[in-house]
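Subject: Structure for you to look at

Dear colleague,

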Amino acid sequence: MKNEHTENNPLISVRGLEVYFAARSGFFSSLVSRKTSMVRAVDGLDFELGRGEILCLAGESGSGKTTTGKAILRLLEPTGGEVFFKGEDMNTFNRSRLRRFRQEAQIIFQDPFESLNPRQTVFSTVAEPLEVNHLTRDRSEKEERVAEALVDAGLNNPRELFMRYPHELSGGQRQRLAIAGALVLKPDFIVADEPVSMLDLSIRAGILKLMVDLRDDKGISYLFITHDLSLAWLISDRIAVMYLGKIVELGSADDVIKTPLHPYTKALVSVIPVPKRVSLIGKTLLEGETPDPVNIPSGCRFHPRCPEAQPRCSLEEPVYREVNLKHFGACHFI
Amino acid sequence: MRLLEVDNLTTYYKLKDGYVRACENISLHLERGEAIGLVGESASGKTTAALSLIKLLPDNAHVMAGSIKIEGRDIAGATEEELRHIRWKDIAIIFQGAMNALNPVRRVGDQIVEALRIHEKLSEKDAGRRTAELFEQVEIDSDRVREYPHEFSGGMRQRVMIAMAIACNPKIIIGDEPTTALDVMVQAQVLQLLETLRREREMGMILITHDLSVVGETCDRVAVMYAGQIVEDGPTEKVFEAPSHPYTRALITAFPNIEGERYLAASIPGDPPNLLSPPGGCRFHERCSEVSELCRNEAPEITDLSPGHRAMCHLLQRKVKVK
């Protein structure tokens, strides 16, 4: 895989990104208390995405990985921090620049059964982004672009598929159609939110291969969101592991998986299955589940579940720093 | 005597345009304390096969053939009344979506108490005590019996489902994708709990999953299903080390192995066949990289490879014949 990402000229750089939501409270408690609690879904992220890079945001549910993806795409308004796209501060984007940005950046969702409109044909699904942006002059040009996007997404004989509906396609074809819908605008950047987790194993590899090929051929950069660390390792150049809205570790895919620094990453890596008979009996697992992001623990937010926690961890938040060359972590004891 | 012996189980679904041949000639056996994984992609027939065992099938399903014996007793012809008994005390099932399987408007404890009162004929008080014990066994604080399903996290709800499944001391537990929607760490916790309970209670377990990795962590043996048939079965180590059916091989290659090399495996071309009219010959031939003329015309027979390890592929038969 490629590794020479132009470091001084990243496609995206994220500085202190924060996304808070007001927690929903019941009617009664809203009468007796004026305090609204905040869900700190994304709580200060710093990272860069190189051109042509695949960066994985990995974490369990509630870690804030999807929120991060949406905030970068401005599908959600960030509470704080900056995102630079091609060197431009996105906070300064006006409507027309944001409109242009929406052509340059795309998203692929997890479930191709839900993300596609069942009443739209293949053609109109893929043609819609072109129409919205007035990008084609006539019907034949539109057909040309749609056919091209379908082929790019690995759907051969595109013109035969034009009039089909999503239910006539298989799961793999549907996800390819969703990808074609993203590719038709020729984006530089795609947020892929668990793009293969609904797909059967035999179909998965084809979709992953397609995404890597698109990176290699067209230089598309990906923010690949997944809960599956072995998949992250397989597909990405670098992995950022998130826990409760923060990155706890970031490094090259091999560094993070083969020599994890943070106790949370270590725990996650220890439960990655391998194709062998390995019993779970006697294996030390993390206890409990990710806590509610309304009540984020003090100090290091991982300390209540950390097997290596010390008194200091509950008092002082660890600094996120470069521990080894290009391998970052946030823990007092690494 | 074997705990469970299934021979040539065949279940079809009747539709307007014919029969969906969801599972055909499924043969399985299970010893006490043993776990077998039934692995396959969506629509491979794994759930149909397992639900056929306790006849929890929709009305249009027909068990066409086969025998099912629990400790030698044939239950294929069991009446509805007998089945009700078999379902909790012989075979219990853990479903995938605990939120859908639990009644949202009843306290979780009461749902277990009800089962205990009906099936074990316990008094209200004894059933309550047993429920508290069951909660402890699945590592939930027994005070939580009075809570409602929505007050539990996903992992905790799945533990409640396990408590319910083991309430009547079943001999066999069927787990239908019991950890699929859970986070990785919680999944490991639940699987660890299941394995501990299985060993303590010497239960047999049938784990239905699309995820080969779960099998490596929990099952002694594995049966790989494709298009309604078992294409390979054997001890888990054997199947992982020496997968013999091209489909099994492709599945194992598609599995990212962090101890091995980092590369993207080729995917299996095409899609699983429509079981209303499955392809002739070997059902995998349209997607197989090693297909020959024979595969298109003739269905392969099951070939014994080593004790307990079998696969259904023409290539293997040829190899055996040459020897």
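Please bear in mind throughout that this is a predicted model. The largest nonpolar core in it has 187 residues, and those with the most contacts inside this core are Ala180(A), Ala240(A) and Val241(A) together with Leu38(B), Ala163(B) and Ile206(B). Helix 8 of chain A, residues 201–218, gives the largest share of this core, namely eight residues. To take one of the chain B members, Leu38(B) touches Lys46(B), Ala49(B), Ala50(B), Ile206(B), Leu207(B), Ile208(B), Ala223(B) and Met225(B), when residues up to four places away in sequence are not counted.

Helix 8 of chain A returns when one turns to the contact between the chains. That contact takes 37 residues from chain A and 38 residues from chain B, and on the side of chain A that touches chain B the largest share, nine residues, belongs to helix 8 of chain A. The residues of that side of chain A divide into 21 nonpolar, eight polar and eight charged.

As for chain A by itself, it holds 11 helices and 12 strands. Its radius of gyration is 21 Å, close to the 20 Å that the globule rule gives for 334 residues, so chain A is as compact as a globular protein of that length. Of these 334 residues, 47% count as buried.

One sheet of chain A may interest you. Four strands form an open sheet in the order 2-1-4-5, with antiparallel pairing; strand 2 (38–49) and strand 5 (88–89) of chain A stand at the edges with a single partner strand each, so one side of each is left without a neighbour in the sheet. Strand 1 (residues 12–22) and strand 4 (residues 80–85) of chain A pair in the antiparallel sense over five bridges, and Glu18(A) stands opposite Gly80(A), a residue in strand 4 of chain A.

Helix 2 of chain A, residues 65–72, lies across strand 1, strand 2 and strand 4 of chain A, and runs at about 115 degrees to strand 1 of chain A. This helix 2 of chain A is mostly covered, with eight of its eight residues buried, and among those buried residues are Lys65(A) and Lys70(A) as well as Ala71(A) and Ile72(A). Just after helix 2 of chain A, Arg74(A) takes a positive phi of about 60 degrees.

With best wishes

Key: Residues numbered from 1 in each chain as written. Chains lettered and ligands numbered in written order. Predicted model: local features only at pLDDT ≥ 70, side-chain atom pairs only at ≥ 80, totals over all residues. Core = buried A, V, L, I, M, F, W, Y, C linked by C-beta atoms within 7 Å. Buried ≥ 20, exposed ≤ 12 C-beta atoms within 10 Å, placed from the backbone. Helix = DSSP H or I, 4+ residues; strand = E, 2+ residues; numbered from the N terminus. Contact = placed C-beta atoms within 7 Å. Pairing = 2+ DSSP bridges. Axes fitted to C-alpha atoms, helices over the stretch in contact; angles between N-to-C directions. Nonpolar A, V, L, I, M, F, W, Y, C, P; charged D, E, K, R; others polar. Rg over C-alpha atoms; globule rule 2.2 N^0.38 Å.
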